[in-house]
Amino acid sequence: MAVTIAPEDPASAVAQALLRAYFSDRAISFVGGVYTPKPADPATLRAPEGAFLVAWSDGEPVGCGALRRLSPERFEVKHLYVAPAGRGMGTGASLLTALEARAVELGATEVVLDTNSALTAANRLYTTRGYASVPAYNDNPNATTWFRKPLA
(Lines give C-alpha, C1' and ligand atoms only; values in the text may rest on other atoms or scores of the structure.)
Protein backbone atom coordinates (compact mmCIF):
# COMPACT_ATOMS: atom_id res chain seq x y z
CA MET A 1 0.00 0.00 0.00
CA ALA A 2 1.37 3.36 -1.02
CA VAL A 3 1.01 6.26 1.38
CA THR A 4 0.46 9.78 0.09
CA ILE A 5 0.69 12.93 2.18
CA ALA A 6 -1.59 15.89 1.53
CA PRO A 7 -2.46 19.15 3.29
CA GLU A 8 -5.76 19.24 5.15
CA ASP A 9 -7.65 21.96 6.99
CA PRO A 10 -7.08 21.23 10.70
CA ALA A 11 -10.76 21.93 11.42
CA SER A 12 -12.05 19.48 8.79
CA ALA A 13 -13.95 16.34 9.77
CA VAL A 14 -11.02 14.16 8.62
CA ALA A 15 -8.49 16.12 10.66
CA GLN A 16 -10.69 16.20 13.75
CA ALA A 17 -11.36 12.44 13.56
CA LEU A 18 -7.62 11.75 13.37
CA LEU A 19 -6.95 14.11 16.27
CA ARG A 20 -9.61 12.41 18.40
CA ALA A 21 -7.96 9.05 17.65
CA TYR A 22 -4.56 10.55 18.49
CA PHE A 23 -5.69 11.88 21.88
CA SER A 24 -7.48 8.63 22.68
CA ASP A 25 -4.36 6.61 21.81
CA ARG A 26 -2.16 8.92 23.90
CA ALA A 27 -4.45 8.55 26.92
CA ILE A 28 -4.29 4.75 26.70
CA SER A 29 -0.49 4.56 26.37
CA PHE A 30 0.41 7.44 28.69
CA VAL A 31 2.90 6.87 31.49
CA GLY A 32 3.57 9.33 34.31
CA GLY A 33 0.25 10.48 35.72
CA VAL A 34 -2.98 11.51 34.07
CA TYR A 35 -2.89 12.42 30.39
CA THR A 36 -4.21 15.91 29.68
CA PRO A 37 -5.14 16.49 26.02
CA LYS A 38 -3.58 19.72 24.75
CA PRO A 39 -4.99 20.25 21.25
CA ALA A 40 -3.37 23.02 19.29
CA ASP A 41 -5.60 25.86 18.13
CA PRO A 42 -6.46 25.03 14.47
CA ALA A 43 -5.65 28.64 13.51
CA THR A 44 -2.02 28.04 14.50
CA LEU A 45 -1.84 25.00 12.19
CA ARG A 46 -2.58 26.93 8.98
CA ALA A 47 -0.12 28.73 6.71
CA PRO A 48 1.79 30.88 7.24
CA GLU A 49 1.83 30.01 10.95
CA GLY A 50 1.74 26.24 10.49
CA ALA A 51 0.46 23.27 8.55
CA PHE A 52 -1.66 20.17 8.96
CA LEU A 53 -0.92 17.09 6.85
CA VAL A 54 -2.81 13.83 6.45
CA ALA A 55 -1.39 10.50 5.31
CA TRP A 56 -3.69 8.55 2.99
CA SER A 57 -3.60 4.90 1.96
CA ASP A 58 -6.15 3.42 -0.46
CA GLY A 59 -8.35 6.47 -0.02
CA GLU A 60 -8.42 6.20 3.78
CA PRO A 61 -6.76 8.60 6.23
CA VAL A 62 -4.12 6.65 8.17
CA GLY A 63 -2.18 9.38 9.96
CA CYS A 64 -1.61 13.05 10.55
CA GLY A 65 0.90 15.57 11.73
CA ALA A 66 1.03 19.29 12.25
CA LEU A 67 3.40 22.22 12.52
CA ARG A 68 3.06 25.46 14.40
CA ARG A 69 5.38 28.44 14.41
CA LEU A 70 7.12 29.19 17.70
CA SER A 71 9.32 31.96 16.32
CA PRO A 72 10.18 33.23 12.83
CA GLU A 73 12.58 30.34 12.18
CA ARG A 74 11.48 27.69 14.71
CA PHE A 75 8.51 25.40 14.24
CA GLU A 76 7.11 22.70 16.49
CA VAL A 77 5.94 19.30 15.24
CA LYS A 78 2.57 18.54 16.85
CA HIS A 79 0.14 15.63 16.95
CA LEU A 80 2.15 13.17 14.83
CA TYR A 81 -0.10 10.13 14.74
CA VAL A 82 -0.32 6.96 12.71
CA ALA A 83 -3.50 4.90 12.96
CA PRO A 84 -3.14 1.12 13.32
CA ALA A 85 -4.03 0.69 9.61
CA GLY A 86 -1.04 2.86 8.64
CA ARG A 87 1.60 1.39 10.92
CA GLY A 88 4.53 -0.63 9.61
CA MET A 89 4.48 1.11 6.22
CA GLY A 90 6.82 4.02 6.95
CA THR A 91 3.87 6.38 7.44
CA GLY A 92 5.38 8.13 10.46
CA ALA A 93 8.67 8.73 8.67
CA SER A 94 6.85 9.99 5.56
CA LEU A 95 4.76 12.40 7.63
CA LEU A 96 7.82 13.66 9.51
CA THR A 97 9.76 14.22 6.27
CA ALA A 98 6.81 16.09 4.76
CA LEU A 99 6.41 18.23 7.89
CA GLU A 100 10.10 19.13 7.84
CA ALA A 101 9.90 20.09 4.15
CA ARG A 102 6.84 22.22 4.82
CA ALA A 103 8.62 23.90 7.75
CA VAL A 104 11.48 24.85 5.44
CA GLU A 105 8.97 26.28 2.93
CA LEU A 106 7.54 28.41 5.76
CA GLY A 107 11.01 29.71 6.68
CA ALA A 108 12.14 27.34 9.42
CA THR A 109 15.77 26.65 10.17
CA GLU A 110 14.89 24.19 12.95
CA VAL A 111 12.05 22.10 14.29
CA VAL A 112 11.40 20.97 17.83
CA LEU A 113 8.95 18.56 19.41
CA ASP A 114 8.05 16.99 22.69
CA THR A 115 6.85 13.48 23.44
CA ASN A 116 6.49 10.94 26.21
CA SER A 117 9.13 8.30 26.87
CA ALA A 118 6.41 5.61 26.83
CA LEU A 119 6.03 6.19 23.07
CA THR A 120 8.96 3.96 22.16
CA ALA A 121 8.31 3.91 18.41
CA ALA A 122 7.99 7.71 18.28
CA ASN A 123 11.19 8.25 20.24
CA ARG A 124 13.02 5.80 17.96
CA LEU A 125 11.64 7.56 14.87
CA TYR A 126 12.88 10.94 16.06
CA THR A 127 16.36 9.78 17.07
CA THR A 128 16.87 7.84 13.82
CA ARG A 129 15.76 10.87 11.79
CA GLY A 130 18.38 13.23 13.23
CA TYR A 131 16.59 14.67 16.25
CA ALA A 132 18.74 15.37 19.30
CA SER A 133 17.51 15.39 22.87
CA VAL A 134 17.32 18.91 24.34
CA PRO A 135 16.22 20.41 27.66
CA ALA A 136 12.51 21.13 28.03
CA TYR A 137 11.47 24.14 25.93
CA ASN A 138 7.89 24.16 27.22
CA ASP A 139 5.84 23.12 30.23
CA ASN A 140 3.78 20.37 28.59
CA PRO A 141 2.73 18.12 31.49
CA ASN A 142 2.43 15.15 29.10
CA ALA A 143 6.01 15.38 27.84
CA THR A 144 9.03 13.65 29.27
CA THR A 145 11.41 14.10 26.33
CA TRP A 146 12.11 17.07 24.06
CA PHE A 147 13.92 17.05 20.71
CA ARG A 148 15.39 19.50 18.19
CA LYS A 149 16.54 19.12 14.60
CA PRO A 150 18.27 21.77 12.49
CA LEU A 151 16.95 22.00 8.94
CA ALA A 152 19.19 22.66 5.95
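These notebook entries record what I looked up in a predicted model of one protein chain.

**Entry 1. Ground rules.** I number residues from 1 along each chain as its sequence is written, and I leave hydrogens and water out, so that side-chain values use heavy atoms.

**Entry 2. Overall fold.** I found 3 helices and 7 strands in the protein chain; these are DSSP runs numbered from the N terminus, with helices (H or I) of at least four residues and strands (E) of at least two. Along the sequence I read the order β-α-β-β-β-α-β-α-β-β. The radius of gyration is 14 Å, close to the 15 Å of the globule rule for 152 residues, so the chain is as compact as a globular protein of that length. I note that this radius is taken over C-alpha atoms and that the rule is 2.2 Å times the number of residues to the power 0.38. The C-alpha trace spans about 40 × 35 × 30 Å along its principal axes.

Entry 3. Of the 152 residues, 43% are buried; I use buried for under 20% relative accessible area, exposed for over 50% and partly exposed for values in between (1.4 Å probe, protein chains only). I take a contact to mean heavy atoms within 4.5 Å. Among contacts between residues at least 6 apart in sequence, 62% join residues at least 24 apart. The accessible surface comes to about 7300 Å², with 57% of it belonging to carbon and sulfur atoms; the areas come from the Shrake-Rupley method with a 1.4 Å probe, and for residues only the protein chains shown count as cover.

**Entry 4. Helix H3.** I looked up which residues of H3 (120-128) are buried, and they are Ala122, Asn123, Leu125 and Tyr126. These four cover an arc of only 160 degrees around the axis, which puts them on the same side of H3; the arc is that of the directions from the helix axis to the C-beta atoms. An α-helix has 3.6 residues a turn, so residues three or four places apart point the same way. On the other side of H3, I found Ala121 and Thr128 exposed. The cover over the buried residues of H3 includes strand S4 (74-82), helix H2 (91-105), strand S5 (110-115) and strand S7 (145-150). Just after H3, Gly130 has a positive phi of about 95 degrees.

**Entry 5. Backbone details.** I recorded a cis peptide bond between Ala47 and Pro48, with omega about 5 degrees. Pro48 sits in the loop between helix H1 (13-29) and strand S2 (50-57). Asp58 is a residue other than glycine with a positive phi, near 50 degrees, and it lies in the loop between S2 and strand S3 (60-71). His79 also has a positive phi near 50 degrees, but its place is in strand S4. Asp58 counts as exposed at 62% relative accessibility, whereas His79 counts as buried at 5%.

**Entry 6. Ile5.** I located Ile5 in strand S1 (residues 3-7), where its relative accessible area of 27% makes it partly exposed. Leaving out residues up to four places away in sequence, Ile5 touches Leu53, Val54, Ala55, Ser94, Leu95 and Ala98. From Ile5 to Gly63 I noted 9.0 Å, C-alpha to C-alpha, across a sequence separation of 58 residues.

Notes:
This is a predicted model: local features need pLDDT of at least 70, side-chain atom pairs count only at pLDDT 80 or more; totals for chains, interfaces and linings use all residues.
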